[in-house]
Every structure is written in structure tokens, then in C-alpha cells.
Amino acid sequence: MALRVKTVWFKNAGGRSAAEVATVLASTIWRLADTTVSNLSRADCDIVTPERGIRILGEVATFLLHMSDRSVYGRIPDEERAQLIQSAGKRLAEMVVNNLREMGINDGFDYRANFIDMLNRRAEDYATFECRPDEPGFPILRYLGLAVRELMLESDQPWVIDQIMELQAPEALGTLKKTIDGFYPPQRKEK
């Protein structure tokens, strides 16, 4: 079942602030990553614990944030793009912490800093792959699949990469593209 998100944004007189856009972007990414975890579970993947679900969600969210960065590249000034992605990353970290608290996990570990550290590490890794945001190539999708695979039970490891690469990531990226295009329409090439 496809996730419905708001993809048409009415312009207000002064435009939208980077903070507003970052909040919407982070919320969209969170919902898409959460849907991915739910879809994996419905495909008989043993998520087993909420902690594992959050870790998978974090991997997918990190990938989607990176692809968001690639999508807005060239559409907005680099300084604004950096602020947007950093703000969205911080908001995602807050969402991780809030969800862990709702699950009753409050053991004193700094999950926020841990998530931001993972975002930064994965951003460096994903930056090594050449791909367009509208056509992520096999290598970057495989990297995401392998990252999720490492979190899975051994019984799910053989097939989860295909599930991520062929179904979950493309579906999430399609919805993410609509959201980003709603805020930052692609520039039309002159003929």
C-alpha cells in the first residue's frame, strides 16, 4: 500500500523558511522509513524488537536524507541546502529519541548523538557513489540493502537486499521526489 503524503505546497507571501521545509522533509522521511519497516514486517521479515525496527528505520531515513540532499543540489544555494539537510537531520534525531522514549527506552544513552554520528558516517559513504537522485544506481541501492541486511536475523538476510533495492527504496524515493519537487520545483532545461 502506497503512503500518502502532502506533495502540493501553496506559497505564502514570504515563502517558506528553511526550518519549516526541514520539518516537513524530516516528517516525510520518517513516515517513508516507517512504512518501509512495516512493509518488511508484512513481507514476513522478523523485525522481532522495536529497537531493531528503529535501527532499520534509521538506515532508511539516512539514505533518504542523503538522496534529498542530492535532489535539492543545484535547485537552491549551497548554504541554504546545507542548512536544510542539517536541520532535517537534527529533527530526525529528535524523532528517534521521542520514539525510543515512547517505547519506554530511556537508559541514559545519548541516542540523539549516536544517530547524528551515523548520519554523518553514512553521508560520507553515500557521497562516494555516483548517481542521480532520480535514478539511484545499483551500487548505492545495494549499499543501503547491505546496511539493512546487517540488522536482520540470519533467516532474512538472503532476501532482504532484493526487497530493499527493488521495492522499498524505489517506492520511497518516488514519494520523496514529489515532496521535494513541491518545495523546490526542478529547473527546466532550455532547448
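Q: What makes the meeting of the side chains of Asp-181 and Lys-177 a polar contact?
A: The side chain of Asp-181 reaches that of Lys-177 at 2.5 Å, and this lies inside the limit, because a polar contact is a pair of N or O atoms within 3.5 Å (within protein, one must be able to donate a hydrogen and the other to accept it, and residues adjacent in sequence count only if both atoms are side-chain atoms). The model is predicted, so local features need pLDDT of at least 70 and side-chain atom pairs count only at pLDDT 80 or more, while totals for chains, interfaces and linings use all residues. Residues are numbered from 1 along each chain as its sequence is written, and side-chain values use heavy atoms, with hydrogens and water left out.

Q: What joins Asp-181 to the loop between H2 and H3?
A: The side chains of Arg-75 and Asp-181 form a salt bridge of 2.6 Å, N to O. Arg-75 lies in that loop and Asp-181 in helix H6, so the pair ties together parts that are 106 residues apart in sequence. With a relative accessible area of 23%, Arg-75 is partly exposed. Neighbours within four places in sequence aside, Asp-181 has contacts with Arg-75 and Pro-186, where contact means heavy atoms within 4.5 Å.

Q: How many salt bridges are found in the whole structure, and what separates Asp-117 from Arg-121 along helix H4?
A: The search of the whole structure gives 11, one of them between Asp-117 and Arg-121, whose closest N and O atoms are 2.6 Å apart. These residues are separated by about one helical turn, because they are four residues apart in helix H4. Asp-117, at 39% relative accessible area, is partly exposed, as is Arg-121, at 40%. Elsewhere, Glu-59, Arg-122 and Asp-125 are linked in a network of salt bridges.

Q: Which residues of H4 are buried, and what puts them on the same side?
A: Phe-115, Met-118, Leu-119, Arg-122 and Tyr-126 are the buried residues of H4. They cover an arc of only 105 degrees around the axis, which puts them on the same side of the helix; the arc is that of the directions from the helix axis to the C-beta atoms. Their cover includes helix H2 (50-72), helix H3 (78-102) and helix H5 (138-149).

Q: Why are the buried residues of H5 said to line one face?
A: Ile-140, Leu-141, Leu-144, Gly-145, Ala-147 and Val-148 are buried in H5, and they fall within an arc of 160 degrees seen down the axis, so they line one face of the helix. H1, H2, H4 and H6 are among the elements that cover them.

Q: What makes the largest group of nonpolar residues a core, and which have the most contacts inside it?
A: A nonpolar core is a set of buried Ala, Val, Leu, Ile, Met, Phe, Trp, Tyr and Cys residues joined through side-chain atoms within 4.5 Å. The largest has 55 residues, and those with the most contacts inside it are Phe-63, Leu-64, Leu-84, Leu-92 and Val-148. Helix H1 (18-42), H2, H3, H4, H5 and H6 each supply at least two residues of this core.

Definitions and conventions: Buried < 20%, exposed > 50% of the residue type's maximum accessible area, 1.4 Å probe, protein only. Salt bridge = Lys/Arg side-chain N within 4 Å of Asp/Glu carboxyl O.
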